[in-house]
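Please keep the sequence and the structure open beside them.

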Amino acid sequence: MSLLNLDPAAREELAAKVREEYETLKARNLDLDLTRGKPSSEQLDLSNELLELPGRDNYVDAAGADVRNYGNLKGIKDIREIWAELIGVSVDNLYAEDSSSLNIMFDLISWSFIFGNNDSERPWREEETVKWICPVPGYDRHFAIAEKLGFEMVSVPMLEDGPDADAVAELVKDPAVKGMWVVPMFANPSGVTATEEVARALATMETAAPDFRIVWDNAYAVHTFTEDFPAIVDVLGIAEEAGNANRFWVMSSTSKITHAGAGVAFFASSTENLDWYASIAGIRGIGPNKVNQLAHAKFFGDADGVRALMQKHAQILKPKFDAVLEILENRLGEYEVARWTTPAGGYFISLDVIDGTAHRVWELAREAGITLTKAGSAFPKGEDPNDRNIRLAPSLPPIDEVRTAMDGVATCVLLAALEKLEG
């Protein structure tokens, strides 16, 4: 019973019903928030033991160093060994830093802008134009970095197997294209995991710019909803074999594993890239918070400890995602006014509504007391050319609030679609 195929009388009857539902929704004076992918308090409680670690008399790492003191820009090996196994890199090519991988990304790109990176002929600020490839829909905070530095952002589609590698291969023939974003596993917001074939294409393709970099932001490497953890693609190894050892800057962190904003971030890359990073990071600061790194190493124990913790997260998150998908199907499936992703992990669901109505859905929801991430936020500069995409983030609220909010969102999607068809 596609909405597009309803006869005028049936559509008018449905419109009256949906408008009545919407007025009832507004009368409830809701105050619900599905904007950002934050862990819930229940998830944060899983790591409260960290607040007592590493312990009053426990301040020496496995190498015998006092973690309370200055030094060790690379981070302690105790936590690096755990993370190297989780993301499939050599421990010697992995730095453990402070809490935010986003900070490391900003540093890498801004330092390339100011100084040029180790493969640059000149600082990027001296280039006439710097272009940056942005898979869409994608992560708004990634795009904000490129926008802040004045880069020209070029969108490519995020397909079911990862970024459109053929489109990327054409774009990188331009020497002004200096880099791209990739969230390779359970991507924000689509939940897509890039295949090895796509990863290999990105690692091996020829680029006109010798200092082209791919920010491989593996933020959700262990954020599964199932008993299985997807296999990690060794992009550093593939790139090195292809003669492109410096192509990838690989990121990860504990931000949605332990306590957001109080965790450990990781940067993996080639030895040459890491040496370049250290040459500037060592001037910016003397070393990371190694006490916190030791606390995390003690808390996890090993890589299996991280995986066991993530299974507990999955038990909390999956019912919320299931609730969203159930409501979308029950309320919207028969009318064919929306499509949505069905992620097997991560923190988001990508919702596509009828072209030209996403902003109206966001507006209707806001007026009804339901705050959604603004329509278009998953596109550079917040501009979705089709005005169709909305990112849903059900992790933070209790499940009853998720259900209430999503039922309201479904009503808003239907109302916006009917308004569109009515002209």
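1. Asn-29 sits in the loop between α1 (8–27) and β1, where helices (H or I, at least four residues) and strands (E, at least two) are DSSP runs, numbered from the N terminus. The phi of Asn-29 is near 55°, which is a positive value in a residue other than glycine. With a relative accessibility of 67%, Asn-29 counts as exposed; the scale used here calls a residue buried under 20% relative accessible area, exposed over 50% and partly exposed in between (1.4 Å probe, protein chains only).

2. Some words on the basis of these notes: this is a predicted model, in which local features need pLDDT of at least 70 and side-chain atom pairs count only at pLDDT 80 or more, while totals for chains, interfaces and linings use all residues. Residues are numbered from 1 along each chain as its sequence is written, and side-chain values use heavy atoms, with hydrogens and water left out.

3. A second residue to check for its backbone is Lys-381, whose phi is near 60°, again a positive value in a residue other than glycine. Lys-381 belongs to the loop between β12 (370–372) and β13 (389–392), and its relative accessibility of 53% makes it count as exposed.

4. Two cis peptide bonds deserve a look. The bond from Leu-53 to Pro-54 is cis, with omega near 5°, and Pro-54 is in the loop between α2 (41–45) and α3 (77–87). The bond from Val-136 to Pro-137 is also cis, with omega near -5°, and Pro-137 is placed in the loop between β3 and α5 (140–148).

5. Strand β3 (residues 131–136) runs parallel to β6 and is joined to it by three bridges, with Met-180 of β6 as the bridge partner of Ile-133. β6 also pairs in the parallel sense with strand β7 (residues 213–217), over four bridges, and there Arg-213 of β7 is the bridge partner of Gly-179.

6. An antiparallel pairing is found between strand β8 (residues 248–253) and strand β9 (residues 265–268), again over four bridges. Ala-268 in β9 is the bridge partner of Val-250.

7. Val-198 lies in helix α7 (residues 196–204) and is buried, with a relative accessible area of 6%. The C-alpha atoms of Val-198 and Pro-163 are separated by 7.4 Å, although the two residues are 35 apart along the chain.

8. Finally, please look at Asp-33, which is found in strand β1 (residues 32–34) and is partly exposed, with a relative accessible area of 39%. Together with Asp-31, Asp-400 and Glu-401, Asp-33 forms a negative surface patch. Such patches are made of residues with over 30% relative accessible area and no salt bridge, like charges being joined within 9 Å and nonpolar side chains (Val, Leu, Ile, Met, Phe, Trp, Tyr) within 5 Å. A salt bridge is a side-chain nitrogen of Lys or Arg within 4 Å of a carboxyl oxygen of Asp or Glu.

How values were computed
Accessible areas come from the Shrake-Rupley method with a 1.4 Å probe; for residues, only the protein chains shown count as cover. Lys and Arg count as positive and Asp and Glu as negative; His and the chain ends are not counted. The place of a charge is taken as NZ of Lys, CZ of Arg, CG of Asp or CD of Glu. Two strands pair if DSSP finds at least two bridges between them.
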